[in-house]
Amino acid sequence: MEDTIYEELNVTQITCDKDGCHVQDVSKKVITEISLKVIVNGAELVSVLCLNQYQKELALGFLYNEGVINSFADIENIYFNDKMLAVIINLKAGVMIDRQ
């Protein structure tokens, strides 16, 4: 799972020592973010920038902190779509989205 937060990128590295500064092109692992969509009952509720891990947990915590859900019992189903970079959540019948 940890590898999902890194992307291999070509970068210019500048190093300095007693002989001066040196520039070279190198390949480095860089931590990257994704734009994660949270889709509830078929509608996109929010898009957040985050690391590419623990997507479902982030979405559930967001819904809980925003008062959309009171507990996990309000969730009918949840899954992460890695092609869409989206957490898709369906709420149980009778649970309404009421963000105030």
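Threonine 32 sits in the loop that links β2 (20–31) to β3, and it makes a handy starting point for a walk through this predicted model. With a relative accessible area of 17%, threonine 32 counts as buried because it falls under the 20% cut-off.

**Around the loop**
- Leaving aside residues up to four places away in sequence, threonine 32 touches Ile5, Tyr6, Glu7 and Leu51.
- Tyrosine 6 has another neighbour worth a look: lysine 29 lies over the face of its ring, at 5.9 Å from the ring centre.

**The sheet as a whole**
- Four strands make up an open sheet, in the order β4-β3-β6-β5, and the pairing is mixed.
- At the edges are β4 and β5 (75–81), each of which pairs on one side only.
- On average, neighbouring strands of this sheet are turned by 20 degrees against each other, direction ignored.
- Helix α1 (residues 55–65) packs on the sheet and touches β3, β4, β5 and β6.
- The direction of helix α1 makes about 135 degrees with that of β5.

**The β3–β4 hairpin**
- Strand β3 (residues 33–40) runs antiparallel to strand β4 (residues 43–51), and eight bridges join the two.
- Two residues separate β3 from β4 in this hairpin.
- In the turn, asparagine 41 has a positive phi of about 50 degrees.
- Isoleucine 34, for its part, stands opposite cysteine 50 in β4.
- As a reminder when viewing these pairs, side chains in a regular strand alternate between the two faces of the sheet.

**The β3–β6 pair**
- β3 also pairs with strand β6 (residues 86–91), here in the parallel sense and over four bridges.
- Lysine 37 stands opposite alanine 86 in β6.

**Aromatic rings**
- How many aromatic pairs does a search of the whole structure find? The search finds zero.
- For a ring contact to display, then, you can turn to lysine 29 over the face of tyrosine 6.

Definitions and conventions. Residues are numbered from 1 along each chain as its sequence is written. This is a predicted model: local features need pLDDT of at least 70, side-chain atom pairs count only at pLDDT 80 or more; totals for chains, interfaces and linings use all residues. Side-chain values use heavy atoms; hydrogens and water are left out. Two strands pair if DSSP finds at least two bridges between them. Rings of Phe, Tyr and Trp (its six-membered ring) pair if their centres lie within 6.5 Å; planes under 30 degrees apart count as stacked, over 60 as edge-to-face and the rest as tilted. A charge sits over a ring if NZ of Lys or CZ of Arg is within 6 Å of the ring centre and within 35 degrees of the ring normal. Buried means under 20% relative accessible area, exposed over 50%, partly exposed in between (1.4 Å probe, protein chains only). Contact means heavy atoms within 4.5 Å. Axes are lines fitted to C-alpha atoms, for helices over the stretch in contact, and angles run from 0 to 180 degrees between N-to-C directions.
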